[in-house]
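Hi,

Here is the structure I said I would pass on. Have a look at it first, and then read my notes below.

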Amino acid sequence: MYGNEKGVGEAVRASGLDRSEVYITSKLNNGFHRPDDARRAFDGTLEALSSDYVDLFLIHWPLPTLYDGDFVSTWLTLEEFYRQGRARSIGLSNFQVSHLRRLVQESEVVPAVNQIEVHPYLCNEEVRATNAELGLITEAWSPIAKGRVLKDPTIGAIASRLGRTPAPVTLRWHIQRGDIIFPKSTAPARMKENLQIFDFELEPEDIAAISALDRGEAGRTGPNPDVFAYLPN
């Protein structure tokens, strides 16, 4: 849905790195949940990347109000890719608690990850806890809430005390809570800043103060997965 698979493949080849040194994740577009459509879409992903495998392939959204609410048959199709070795691992994105429980009950392969919106304004604790219970790792997308948390006074005060800026403090909060993060930036300086999170630690009271910023549903920057029903043209 991001339209960047071909560009990623070209960049990997141009980098001179061996394919095994680069971890590539892609997702199933919302318009291709039916099994045969999913198979064609996955073939297209590999073709666009000019690779015979991806490291991780995700169902982008559960779309519970579409396809008669059947995301399980879509997942069973991803299991095919996994068993074929063309997807080294498979997972989910934006799946809620009820979706996770149903999927695990009706399939064989436990998803490797569930990629969900998580940041200080939406801690998403119930989904994170269910991920952990069922054996999925949480990947946090929009980890700084598209920049919204960077002006938060609580985070700012912690950053000031530590001689840091708000972004790495927020990302460190994620890391100490055990989540995978992937902040997005096109600015080299910010990319470098986002990597400087492994030479300091937050105190337990810092973690608690940042977690207390949770606004629940009001903190979302993206759509609610229970009702999201977007299909591309």
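The largest nonpolar core has 48 residues, and Phe57, Trp75, Leu92 and Leu202 have the most contacts inside it. A nonpolar core here is a set of buried Ala, Val, Leu, Ile, Met, Phe, Trp, Tyr and Cys residues joined through side-chain atoms within 4.5 Å; buried means under 20% relative accessible area, exposed over 50%, and partly exposed in between (1.4 Å probe, protein chains only). Apart from that core lies another one of five residues, among them Trp61, Leu63, Trp141 and Phe228.

Keep in mind that this is a predicted model: local features need pLDDT of at least 70 and side-chain atom pairs count only at pLDDT 80 or more, while totals for chains, interfaces and linings use all residues. Residues are numbered from 1 along each chain as its sequence is written, and side-chain values use heavy atoms, with hydrogens and water left out.

Now for the rings. There are six aromatic pairs in the structure (ring centres of Phe, Tyr or Trp, its six-membered ring, within 6.5 Å; planes under 30 degrees apart are stacked, over 60 edge-to-face, the rest tilted). Phenylalanine 42 and phenylalanine 57 have ring centres 4.8 Å apart and planes at 70°, so they are edge-to-face. Both phenylalanine 42 and phenylalanine 57 are buried. In tryptophan 61 and phenylalanine 228, the centres are 4.3 Å apart and the planes at 50°, so that pair is tilted. Tryptophan 61 counts as buried, at 6% relative accessibility. One aromatic cluster is formed by Phe42, Phe57 and Phe81.

Cheers
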